[in-house]
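Here are a few notes to read alongside the model, written as numbered points.

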Amino acid sequence: MAVIWAIGEIADGVPTKLTLELATLARSLAEQAGGESQTVLIGAGAAKAAEQVAPYAGSVLTVDVEPGTAAGPAAAVVAPRLAAMIEERKPDYLLLGASNDGKDIAGMLVGLTDLPVLVSGAGVDWGEDGPLVEMSTFGGKLVTHSAFTGGRGMIIVRPATVSAEKGSAPGKVESVDIGVANELPAVKVAKHVEEAGAAAPIEEARIIVGGGRGVGAEDGFKLVEELAEALAPSSPRRRAFETPST
Amino acid sequence: VNIVVLLKAVPVVGTERLGSDLLTERSGQAEANGNDEYLLEKALKLTEVHGGEVSLLTLGPTSGAEALRKALAMGAARAVHVADDAIRGSDIRATVEILSAALRKMEYDLVFAGYDTSDGQGGVVAAAIAARLGLPYLSYASEIEPIDGGVRVHRLGATGYDVLEAPTPALVMGTQLLGAPRYPSLRGIMQARSKPIETWSLADLGVDPSATGSSAAWTRTIDANKPPERGGATFVREPADVAVAQIVDFLASRRLI
């Protein structure tokens, strides 16, 4: 029976939108496989965040990390604990988000556990004997499907691959006490610097309004800005991104 | 400060294709991965100010040598090219194993890696190598500066950036915000011809060839197809205020907002 884990992320004490999507996807795959799904939350406030994840998840495993017991960026705290849980519970497949932290965690797990990984998943279905992962390859020139050959692996899933949907009943929440044999080398977070206009990561965006060469001159972006204002009037979560011209 | 830059030779962007075995075709023209060149530029700037030298490390077929020559012309001092027939089709696990083995043979204070590659788009290899080698890992860097006995990095985040510090040796994965790469000068191109490119085989690294390549990969591509044609586009050619109202109505009618 396949056991599928969704690896959640917590931001400011609440699960990210991508976490709810992964919980939904894990539950859906487990239903197709006749297996079970669990969403794993590791970090400060995991137990509290689990209350919001449970309606979307088969069940939830939480590892609360008290502030001060582990230092460093989130991925460096999560990865060694997750590696210890994988060693102990041996899940078959892991779903991770294609966020900065999600990709860092997946990479660290490749180094710590030797699990294979498929990246940039834009669709995941259950195939004959495991997940079938759809990817947009070479900048969208091709759509490929890939699978694991050894019955285990990690999939990095892009935002909005599925819509977050609640299950028929909230999943059970289990607090896990896990020992970490080897922390990763220390990286100190000396300070956090807030930047004006930075209020939400792009993968958390519900709507993205974009403009490019087609809008003509700089004035043309007025249309883009007005559309953003009409869709999310004066939202404090609205954020402007600028990408380099090529 | 001595820096190793991980530099992948990728198919020229726009010419990528899969072979009949569904592996990326690497017999055509290659170029240095664009994101890696930003890290090379930062490494060159740091060594120009603080001393030391920049080495390159690449993995792949002989077509990658041209990309290394350009990077040497930009200012890197030397290059190591891991090339072996057994490597073709390696999955990320094997790639990490080979690059880690090569780094164990090299001396450095810092290892730099780009955000991701134009052909793979994974963005996980750098973190995996750091974990495998037990190096501090500092990612999504928009600024990198050496400090006494260590390195300081600005890591991009959702609401700004974190200032990270770690002792060296360490591995830094960086972004394009580090600054655009330079063009090689004519003098640099001439000098690059005499700079050493060392070629290492899997045997040189002590890596078992049977654990690499497509036959040992734990992932496989099953099929590849052109994406479906996009549906017809609706053009709105009105003044901004009218256009915005029409677009909002259009999205609402499809329950997209």
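Predicted model: local features only at pLDDT ≥ 70, side-chain atom pairs only at ≥ 80, totals over all residues.

1. Arg155(B) belongs to strand E8 of chain B, residues 150-157. Is Arg155(B) buried or exposed? Its relative accessibility is 7%, so Arg155(B) counts as buried, the cut-off being under 20%. The residues that Arg155(B) touches, leaving out those up to four places away in sequence, come from both chains: Asn100(A), Asp101(A) and Asp104(A) on one hand, and Ser139(B), Tyr140(B), Gly160(B), Tyr161(B), Asp162(B) and Leu164(B) on the other. For orientation, 24 Å separates the C-alpha atoms of Arg155(B) and Gly51(B), which are 104 residues apart along the chain.

2. Asp101(A) and Arg155(B) form a salt bridge through their side chains, with 3.0 Å from N to O. Between chain A and chain B the count is six salt bridges. Polar contacts across this interface link 23 residue pairs, both residues being at pLDDT 80 or more.

3. Which elements of chain A give two or more residues to the side that touches chain B? They are helix H4 (100-113), strands E7 (117-126), E8 (131-137), E9 (142-148) and E12 (188-194), and helix H5 (221-231). H4(A) gives the most, with ten residues. Sorted by class, this side of chain A has 34 nonpolar, 14 polar and 13 charged residues.

4. Now for the interface as a whole. Chain A brings 61 residues to the contact and chain B brings 62 residues. The size of an interface is often given as the accessible area lost when the parts come together. Here chain A and chain B bury about 4900 Å² between them, and 59% of that lies on carbon and sulfur atoms.

5. E9(A) pairs with strand E12 of chain B (residues 219-225) in the antiparallel sense, over six bridges. Within this pairing, Thr144(A) stands opposite Ala224(B) of E12(B).

6. Do look at helix H4 of chain B (residues 125-133) too. H4(B) is mostly covered, with seven of its nine residues buried. These are Ala126(B), Ala127(B), Ala128(B), Ile129(B), Ala130(B), Ala131(B) and Leu133(B). What covers them includes H4 of chain A, along with E1 (3-6), H3 (92-104), E6 (110-114), E7 (137-147) and E10 (170-174) of chain B. After H4(B) comes Gly134(B), which has a positive phi near 70°.

7. Five of the five residues of E6(B) are buried. In a regular strand the side chains alternate between the two faces of the sheet. In E6(B) both faces are covered: Leu110(B), Phe112(B) and Gly114(B) are buried on one side, Val111(B) and Ala113(B) on the other.

8. Finally, the strand partners of E6(B). E1(B) and E6(B) run parallel and are joined by three bridges, with Ile3(B) having Leu110(B) as its bridge partner. E10(B) also pairs with E6(B) in the parallel sense, over five bridges, and there Val111(B) stands opposite Leu171(B).

Note on methods. Residues numbered from 1 in each chain as written. Chains lettered and ligands numbered in written order. Heavy atoms only, no water. Contact = heavy atoms within 4.5 Å. Buried area = accessible area lost by both parts, 1.4 Å probe. Salt bridge = Lys/Arg side-chain N within 4 Å of Asp/Glu carboxyl O. Polar contact = N/O pair within 3.5 Å; in protein donor to acceptor, adjacent residues only side chain to side chain. Helix = DSSP H or I, 4+ residues; strand = E, 2+ residues; numbered from the N terminus. Nonpolar A, V, L, I, M, F, W, Y, C, P; charged D, E, K, R; others polar. Pairing = 2+ DSSP bridges. Buried < 20%, exposed > 50% of the residue type's maximum accessible area, 1.4 Å probe, protein only.
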